[in-house]
Amino acid sequence: MLGQNERGQSTQHLDIIKLWEETLVGIRKYSQRPIVFRKHPNQTKMPIGDYKMSPYSHKELDRDLQNAWCTVAFTTNGAVDSAINGIPVIAIDPICMAYEISSHELSEIENPKLADRQQWAYNLAYAQWSFPEMSSGECWRHFRPHLFQGK
């Protein structure tokens, strides 16, 4: 299970600790596999529940993904790393970048979906801006006309 910054833009409206704790209970309802919780580097609070803390939380995510059956995530971009590495994701929140290619229900944890990721990866890459594009102002010129449409 991937933690995330509890003060992040996508979690400000949630009691993220309660959500993690409910998710841990939900995972245990459907699976007896060991649960490893990987805290976000900026995470300060920890849920109470049946899990083992990752010893690699301040290191590369790849170390935690090496033996992962799947990952459970809300909106953290760690779900993208998981999917790119061929590890199924259960993405709970529709704004998760890996939602399109993921399972969405904890009941699917023993048989998580691993969709074809090629078009998803193309779409993801297409939506990124390089440092030179941002430095030159190209990114700003693209977005600026759309900022106040419909307001």
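Q: What makes Leu2, Gly3, Gln4 and Cys96 count as residues that Thr76 touches?
A: Thr76 touches Leu2, Gly3, Gln4 and Cys96 when residues up to four places away in sequence are not counted; contact means heavy atoms within 4.5 Å. This is a predicted model, in which local features need pLDDT of at least 70, side-chain atom pairs count only at pLDDT 80 or more, and totals for chains, interfaces and linings use all residues. Residues are numbered from 1 along each chain as its sequence is written, and side-chain values use heavy atoms, with hydrogens and water left out.

Q: Why is Thr76 called buried?
A: Buried means under 20% relative accessible area, exposed over 50%, and partly exposed in between (1.4 Å probe, protein chains only). Thr76 has a relative accessible area of 13%, and is therefore buried. Thr76 is found in the loop between β3 (71–73) and α3; helices (H or I, at least four residues) and strands (E, at least two) are DSSP runs, numbered from the N terminus.

Q: How do you know that Cys70 is in no disulfide?
A: A disulfide is a pair of cysteine sulfur atoms within 2.5 Å. A search of the whole structure finds 0 disulfides. For Cys70, the nearest cysteine sulfur is that of Cys96, 13 Å away.

Q: Why does Cys139 count as buried?
A: The relative accessible area of Cys139 is 14%, so Cys139 is buried. Cys70 is likewise buried, with a value of 14%.

Q: What makes a set of residues a nonpolar core, and which members touch the most others in the largest one?
A: A nonpolar core is a set of buried Ala, Val, Leu, Ile, Met, Phe, Trp, Tyr and Cys residues joined through side-chain atoms within 4.5 Å. The largest has 15 residues, of which Ala79, Ala83, Val89, Cys96, Ala98 and Trp120 touch the most other members. Two or more residues come from each of α2 (61–65), α3 (78–84), β4 (89–91) and α4 (118–126). Helix α3 gives the largest share, 3 residues. A second, separate core of 14 residues includes Ile16, Ile27, Val72 and Leu106.

Q: Why is Leu24 said to be buried?
A: Leu24 counts as buried because its relative accessibility is 3%. Leu24 lies in helix α1 (residues 16–30). Beyond its neighbours within four places in sequence, its contacts include Met1, Pro47 and Tyr51. Leu24 and Met1 are 23 residues apart in sequence and 8.3 Å apart in space, C-alpha to C-alpha.

Q: What is the confidence of the chain?
A: The chain averages a pLDDT of 90, and 95% of the residues score at least 70; pLDDT is the predictor's confidence in each residue, from 0 to 100.
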